Amino acid sequence: QALSEIAGMGGGGGDLQELRARQLTERRVDMHGFCNPGDFQRSPYLSARGNIANIFRGSTEEGYKAYHADKYDEDKNPNGIINFGTSENKLCFDLMSKRLTQTDMNLMEPPLLQYPDWKGHMFLREEVARFLTYYCKAPAPLKAENVIILNGCGSLFSALATVLCDPGEAVLIATPFYGGITQSVFLYGNVKLVYAYLDSKITGTSTRPFQLTVEKLEKALQDARAEGVTVRALILLNPQNPLGDIYSLSELRDYLEFAKRHELHVIVDEIYMLSVFDESTTFHSVLGMDRLPDPQRTHVMWGISKDFAVSGIRFGTLYTENQDVANAVASLCYFHGVCGPVQHKVAQLLRDRDWINQVYLRANHARLKAAHTYVTDELKTLGVPFLNRNAGFFVWTDFRKYLRTGTFEEEMLLWRRFLDNKVLLSCGKAFECSEPGWFRIIFADKTHRLQLGMQRIRKVLEEREQEILAEEKEQPCQSDQDGKADSTDEVIFVSRHQEPSCAGNSNLGDLIGLLQQQMRSSDWLQKNTAEQFA
């Protein structure tokens with residue numbers, strides 16, 4: 001029903017003008033964030049749902065398409081697009097290619113070439129249970145019967161949305177969040193998304209930018225119910241994409257208790273759990289908790305694409321103690337299965353604990369940390385605020401001062417400016433961020449691409465800075481804060497996932513970065529002359 005309404009086919013029919021005119025935010029999904037309806041012609045060959053899928057386009061798809069048509073290559077295409085937009089780890093191809101081509105990986109037996117148990121071959125499910133028990137620090141051994149194997153976490157999101165919600169019902173999620181969930185849940189499953197909007201403002205000494213609280217979840221849930229929307233589940237991303245936040249045990253317990261009070265299922269995506277690259281930061285898995293508030297409604301996802309730098313191998317796993325949910329998802333595994341030879345390779349990979357601990361994770365964490373340090377040092381030199389986190393492949397970056405006005409139209413113009421200068425980023429609208437001007441930069445790449453990509457970013461920002469300064473001189477009476485959100489300079493360079501430390505604990509590098517930012521981005525000296533003070 002929701003899809004047909006958006007397509008202009010609900011009720012008494014309708015046309016494309018209705019599609020353009022309607023306030024699509026009432027449907028809890030802002031389609032204008034993903035497509036340009038003005039370019040859309042309804043196809044007579046497609047259903048209403050097919051037409052929605054056909055127009056479901058946005059910066060993610062447009063940029064990805066442009067990148068593949070003009071991909072950077074050091075030798076063959078040095079002027080091509082550098083991809084800082086797709087969350088892939090490109091630092092460990094040498095390690096993974098060597099391990100995946102060793103002799104123990106190559107097995108071809110009849111069972112691997114036949115239909116498996118749709119939940120996955122038992123040998124793999126047993127290995128996944130042992131793997132998660134160890135790395136999630138589970139208090140008791142996890143059980144293979146609670147493991148389901150699908151071809152990626154996107155498939156898991158769509159399968160869970162389908163079996164937990166009826167069409168038109170909803171799941172609750174905090175924004176900004178990984179935009180692919182929208183496609184999995186809404187486009188595929190016809191399930192709405194209810195947003196708990198987070199923002200960068202700091203309200204006290206014990207808060208941090210874009211902090212998720214139970215109060216914000218409560219408000220979003222009650223607002224949805226007031227509109228007649230039935231919410232069935234809560235999605236948690238931990239570590240969080242795109243923020244890089246890692247939830248503490250007390251926070252996780254609060255979120256799960258909230259869900260239990262409202263009888264909500266909780267889908268916990270922990271796909272970056274082994275990509276925490278700083279020893280000072282501790283990740284806590286939901287599966288490592290001593291007691292789950294509602295184990296029958298708690299479902300945990302993980303996959304190898306991020307933590308093992310093999311996004312081209314489609315493998316995701318679900319752990320749930322609810323056998324009704326497990327069996328319902330298994331019914332959809334027919335459409336989302338993993339081929340037998342790949343299941344064997346994954347089992348061998350997960351079984352090799354010595355190699356994972358002594359070789360792979362050590363090298364991967366060191367490379368991630370070095371790449372993160374390089375990109376964040378460049379941002380500090382540019383005077384660009386960002387969230388300083390130690391998990392995932394991304395830096396959540398504040399480009400708000402480079403927007404003429406604080407609008408998503410201006411954000412999209414800046415995004416296109418980056419793309420025109422051959423660097424692909426992801427803008428905040430793609431993550432349903434409530435504040436225009438935030439971008440996600442992927443840093444898990446080789447040094448020469450990071451250097452060239454940051455050079456191109458610097459060029460765009462310096463040009464924009466000069467343009468804005470020139471416009472301000474022409475319009476001296478206009479406030480430079482018009483349309484822009486409050487500054488969060490005081491917390492951006494520090495603020496790890498723990499409680500933020502006071503300003504007195506900031507290290508020298510942070511203070512230097514803050515001073516550089518103020519010198520580069522402010523015309524304070526011009527506006528506040530000695531004569532004015534006198």
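## A buried serine and its surroundings

Analyst: Let us start with serine 184, which counts as buried at 11% relative accessibility. Please keep in mind that this is a predicted model.

User: Thanks! In which helix is serine 184 found?
Analyst: Serine 184 is a buried residue, with 11% relative accessibility. The element in which serine 184 is found is helix α8.

User: At what angle do helix α7 and helix α8 pack?
Analyst: Two packed helices are described by the angle between their axes and the distance between the axes. For helix α7 (residues 153-164) and helix α8 (residues 180-188), the axes are 8 Å apart. The angle at which α7 and α8 pack is about 35°.

User: Is the crossing in which α7 passes α8 left-handed or right-handed?
Analyst: The two helices pack with their axes 8 Å apart. As for the hand of the crossing, α7 passes α8 in one that is right-handed.

User: Stepping back, how many helices and strands does the protein chain have?
Analyst: The protein chain has 534 residues, and 54% of them count as buried. Its secondary structure comes to 19 helices and twelve strands.

User: What share of the accessible surface belongs to carbon and sulfur atoms?
Analyst: The accessible surface of the protein chain comes to about 23700 Å². The share of this surface that belongs to carbon and sulfur atoms is 51%.

User: What share of the contacts with a separation of 6 or more comes from residues 24 or more positions apart?
Analyst: Here we look at the contacts in the protein chain with a separation of 6 or more. The share that residues 24 or more positions apart account for is 76%.

User: Is asparagine 364 buried or exposed?
Analyst: Asparagine 364 lies in helix α13 (residues 353-382). Its relative accessible area is 0%, so asparagine 364 is buried.

User: Which side chain is joined to that of asparagine 364 by a polar contact of 2.8 Å?
Analyst: Leaving aside neighbours within four places in sequence, asparagine 364 is in contact with Asn89, Cys92 and Asp307. The side chain joined to asparagine 364 by the 2.8 Å polar contact is that of asparagine 89.

User: Why does glutamine 114 count as exposed?
Analyst: Glutamine 114 lies in the loop between α5 (93-100) and α6 (122-135). A residue is exposed when its relative accessible area is over 50%. Glutamine 114 counts as exposed because its relative accessible area is 51%.

User: What distance separates the C-alpha atoms of glutamine 114 and glycine 340?
Analyst: Along the chain, glutamine 114 and glycine 340 are 226 residues apart.

User: Where does proline 176 lie?
Analyst: A cis peptide bond joins threonine 175 and proline 176, with omega about 5°. Proline 176 lies in the loop between β3 (170-175) and α8.

User: Which residue does a cis peptide bond join to proline 239?
Analyst: Proline 239 is found in the loop between β5 (231-237) and α10 (249-261). The omega of the cis peptide bond is about -5°, and the residue it joins to proline 239 is asparagine 238.

User: What is the phi of alanine 309?
Analyst: Alanine 309 has its place in the loop between β7 (298-303) and β8 (316-320). Alanine 309 is buried, with a relative accessible area of 17%. Although alanine 309 is not a glycine, its phi is positive, at about 55°.

Terms used: Residues are numbered from 1 along each chain as its sequence is written. This is a predicted model: local features need pLDDT of at least 70, side-chain atom pairs count only at pLDDT 80 or more; totals for chains, interfaces and linings use all residues. Side-chain values use heavy atoms; hydrogens and water are left out. Axes are lines fitted to C-alpha atoms, for helices over the stretch in contact, and angles run from 0 to 180 degrees between N-to-C directions. Helices (H or I, at least four residues) and strands (E, at least two) are DSSP runs, numbered from the N terminus. A crossing is left-handed if the near helix is turned anticlockwise from the far one by less than a right angle, and right-handed if clockwise. Buried means under 20% relative accessible area, exposed over 50%, partly exposed in between (1.4 Å probe, protein chains only). Contact means heavy atoms within 4.5 Å. Accessible areas come from the Shrake-Rupley method with a 1.4 Å probe; for residues, only the protein chains shown count as cover. A polar contact is a pair of N or O atoms within 3.5 Å; within protein, one must be able to donate a hydrogen and the other to accept it, and residues adjacent in sequence count only if both atoms are side-chain atoms.
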